Amino acid sequence: MTDVDTGGRDRLALAVLAQYRMATTAQMHLILSPEVRIEQTRRRLAKLREEGLIDRITLPQAGRTRVWHPTPYGAQLAGEWPELRGRRPPRGAMDRTAVRLKVGHGLTVTETALAFLQDARRRGDVCRPLDWIPEVRHPLGGGEAVIPDALLYYQRRSADGTDGADGASGADRTTGTDDADGTGETEGTRGGVMLRAFIEVDRATMGPERLATKLGTYTRLHQYAPAPAVRPRQQPFPEPMQESWRQRYPLFPRLLFVLDGTGPAGVETRIHALRAAARDIALAGFLREVPVLAVPLADLLRHGPAAPVWHPIPGTDHGQRVGWMHTRHP
């Protein structure tokens, strides 16, 4: 039975598209099977399309690039699998017109994911395709929520302390076991370090000041503790309220801004706006506990996320750069 094709790669391809929302043929190839010829990936995608599980649009202005996305049937099927439970994409992710209108941002998010996946492979770390989860909703009460572009789970193979990840927000020792309850512990080398990060991909579609307000939004999430339900008989000594994020994560994920859609001067302006916002005393506690970094997408893709290409927020030395696993501000 070892030679029977169980459709594992087909399943992963559908799961990736259901979770990532969209990807080009080249992106899917590098995510799924970079060790084989791209023709195999093309045939796999064509087969899934024939089965009605995925579909595609063609971008006329990009060398007729094909962009793949799940169909409603494919998303429904994938949503029944344990690895994607609770992660069914929104309706717009399965509509051809919606995919076309969101393709710029969507493909940039996928390209960012690919940078982390490829870097983990080079370093011998653990970051599987489904460890990148777009648009995880974090309620703030009153109908409000924080929805990062992606949530990243990444396990360093060893904890040598060279990048200061130990003891940081978004980093903790792993146990080497799968986490079935969604807290983010993925199976890996015992004694490694699990890193978690909220990813915000900015393509300059909003002004620098609006981008900088996201620091305040994540500060609210860091502090938000929902009020307990009112009961007829209250305990004489009720338990203190706990921040809602602690139900999902042992430590608050670090916050990473990936900047694109503008030249170097525009990137510098946006980093300056983030650093100016970080001087607000109301953010001091959050920034003291949570590493916040920003990087131009071009530098991320050219050098890899582990390279010292990230700008610390806050920070004043414009020449200072760190890797994304960096913990303490300079």
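These notebook entries record what I looked up about one threonine and several salt bridges in a predicted model.

**Entry on Thr41.** I located Thr41 in helix H3, which spans residues 38-50. Leaving aside neighbours within four places in sequence, I found Thr41 in contact with Thr25, Met28, His29 and Ser33. With His29 there is also a polar contact between the two side chains, at 2.8 Å.

**Entry on salt bridges.** I noted that the structure holds 16 salt bridges, and I examined some of them individually.

Asp10 pairs with Arg44, with 2.6 Å between the closest N and O atoms. This pair links distant parts of the chain, since Asp10 belongs to helix H1 (residues 8-20) and Arg44 to helix H3, 34 residues apart. I recorded Asp10 as buried, at 13% relative accessibility. Asp10 and Arg44 are also linked with Lys47 in a network of salt bridges.

Glu135 forms a salt bridge with Arg21, the closest N and O atoms being 3.3 Å apart. Glu135 lies in the loop between strands E4 and E5, and Arg21 in the loop between H1 and strand E1, so the pair ties together parts 114 residues apart in sequence. Glu135 is partly exposed at 41%, whereas Arg21 is buried at 12%.

Glu200 forms a salt bridge with Lys214, at 2.8 Å between the closest N and O atoms. I placed Glu200 in strand E9 and Lys214 in helix H6, 14 residues apart. Glu200 is buried, with a relative accessible area of 5%, and Lys214 is partly exposed, with 21%.

Notes:
Residues numbered from 1 in each chain as written. Predicted model: local features only at pLDDT ≥ 70, side-chain atom pairs only at ≥ 80, totals over all residues. Heavy atoms only, no water. Helix = DSSP H or I, 4+ residues; strand = E, 2+ residues; numbered from the N terminus. Polar contact = N/O pair within 3.5 Å; in protein donor to acceptor, adjacent residues only side chain to side chain. Contact = heavy atoms within 4.5 Å. Salt bridge = Lys/Arg side-chain N within 4 Å of Asp/Glu carboxyl O. Buried < 20%, exposed > 50% of the residue type's maximum accessible area, 1.4 Å probe, protein only.
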